Amino acid sequence: MDASHGNRLSRARRRAGTVLAVSALIGAGLAAAGPAGPAAAAPKAPAAAADCSAAYKIEQTVDGGTTWRMCWHYNTYSGLILDKISYQPKGEPKPIPVLTSARLAQIHVPYDDGDAEFQDVTDTDFGQALQPLQAGECPGGTIKTVKVPDRGNVKGLCTTTRARGHAYRLTHDQSTGGNGKVYTAQGKDLLVYTVNKASWYEYITEWRFSSDGTITSNVGATGSLSPFDFDGGDGRGWPIGKGDQAKAESHSHNVFWRLNFGLDGSPKAKVEQYDSKVTPSANGGSPTTKTTRTPVTKELTGDRKDMRWWRVVSATGKNKDKHPRSYEIVPGASNKHIGRPYTKHDVYFTEYKKCEQYASANIGCPNGYPKSVDKWSNGETLKHPITWVNIGFHHIARDEDQQPMPVHWQGFALAPRDVTAMNPLTPQDLAGHNGQIPIGN
Ligand SMILES: [Cu+2]
């Protein structure tokens with residue numbers, strides 16, 4: 001980092017002294033609050049049920065009788081870390097372990113003119129600057145107290161539920177032998193979130209757990225545009241003051257997540273990539289599509305493509321149809337920023353290493369160890385894959401960004417694929433409809 005970056009960092013982003021003080025206190029960077037300890041040290045034992053003390057446990061039954069359970073702890077850099085996440089839909093005798101840990105792994109913010117570039121998770125006081133939440137920000141829920149290392153208690157973790165709209169709808173049509181009934185349900189999600197300040201920005205880190213087994217995480221950027229970055233008169237900004245005034249410099253927010261799956265209680269899992277190729281017909285007939293499965297046996301730097309997707313497959317567990325359980329990675333909209341080797345790819349699958357915690361500007365590995373996820377993906381055989389998701393947003397400011405800035409969301413979902421043998425919300429009347437639907441019944 002050159003001198004101008006240093007000046008700019010201290011001027012625009014830092015609260016004097018905070019970052020150094022924090023670094024000195026927590027040493028290797030694995031400081032954690034809460035009984036679960038650092039994510040990397042999570043035990044391999046099946047996460048049958050969250051086994052943390054009550055204050056660090058989240059358990060919620062949502063619509064259809066689905067129960068989500070997890071533990072949480074707090075880390076000075078990433079902030080909220082969710083551990084031992086399990087899913088138990090109605091009809092499953094015990095919780096199905098899904099993730100051993102899930103959390104933010106970096107927010108990389110490069111400005112378009114190359115004058116400033118930030119690693120908001122590791123290099124600002126992101127984790128320290130957990131924001132206390134007002135009661136109205138957590139409607140119908142509970143605001144938990146977080147012990148923020150070196151700062152004290154902050155009422156800053158909201159757990160609540162939120163309506164999702166239709167979970168499903170089916171008219172059981174009499175014309176095809178149905179009973180004429182309408183089967184419909186409204187879904188509800190467990191919602192877990194924190195707000196962390198990184199200088200002028202506030203990031204809302206939100207996790208949603210749906211009754212149908214889907215997990216969604218989004219980061220919402222709000223707060224203020226940095227008043228030190230109104231130098232976008234070089235064609236890389238947008239005027240947001242009167243006339244041609246106050247050109248806010250454009251920049252990107254590249255958000256990384258780290259997911260440590262523990263499907264069916266085992267760290268072992270397989271990764272698969274699927275690609276589908278559509279071929280128009282040569283003779284005026286219908287187009288055809290061919291889907292191929294590629295086992296990902298070695299570490300992978302993956303790039304999104306139309307009709308491409310990945311899934312993490314349980315090495316041990318199967319559903320009642322004898323299909324292996326898996327979760328599909330479903331990236332949301334993304335502006336991939338190719339400016340750094342670690343931002344060049346959308347997903348990474350790396351073999352688990354305890355010290356590999358942050359997608360860039362990593363903290364905790366020995367001196368000389370590579371600092372970013374792209375370097376860790378170097379062809380090793382995957383036995384215990386770690387999934388890294390990178391979602392980018394190119395922020396060209398607009399008048400509406402003042403003030404406060406409306407929340408802009410970016411994120412991904414994890415969709416259950418064969419975790420249960422049927423829709424976990426299937427009403428009893430339709431429980432026999434597994435496989436080809438009986439016609440005329
Ligand atoms: Cu922005």
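Which residue in β9 is the bridge partner of T161? I looked it up and found L190. (Strands here are DSSP runs of E with at least two residues, numbered from the N terminus.)

Before going on, a note to myself: this is a predicted model, where local features need pLDDT of at least 70, side-chain atom pairs count only at pLDDT 80 or more, and totals for chains, interfaces and linings use all residues. Residues are numbered from 1 along each chain as its sequence is written.

**The sheet.** I saw that β8 (residues 152-171) and β9 (residues 182-198) pair in the antiparallel sense over 12 bridges; pairing takes at least two DSSP bridges between strands. Next I traced an open sheet of 10 strands, antiparallel, in the order β7-β8-β9-β10-β11-β22-β19-β18-β15-β16. β7 (142-148) and β16 (288-296) are at the edges with a single partner strand each, so one side of each has no neighbour in the sheet.

**H408.** I found H408 in strand β22 (residues 405-417). H408 has 14 C-beta neighbours inside 10 Å, so it counts as partly exposed (buried is 20 or more other C-beta atoms within 10 Å, exposed is 12 or fewer, partly exposed is in between; C-beta atoms are placed from the backbone). The C-alpha atoms of H408 and V219 are 8.0 Å apart, though 189 residues separate them along the chain.

Definitions and conventions: Helices (H or I, at least four residues) and strands (E, at least two) are DSSP runs, numbered from the N terminus.
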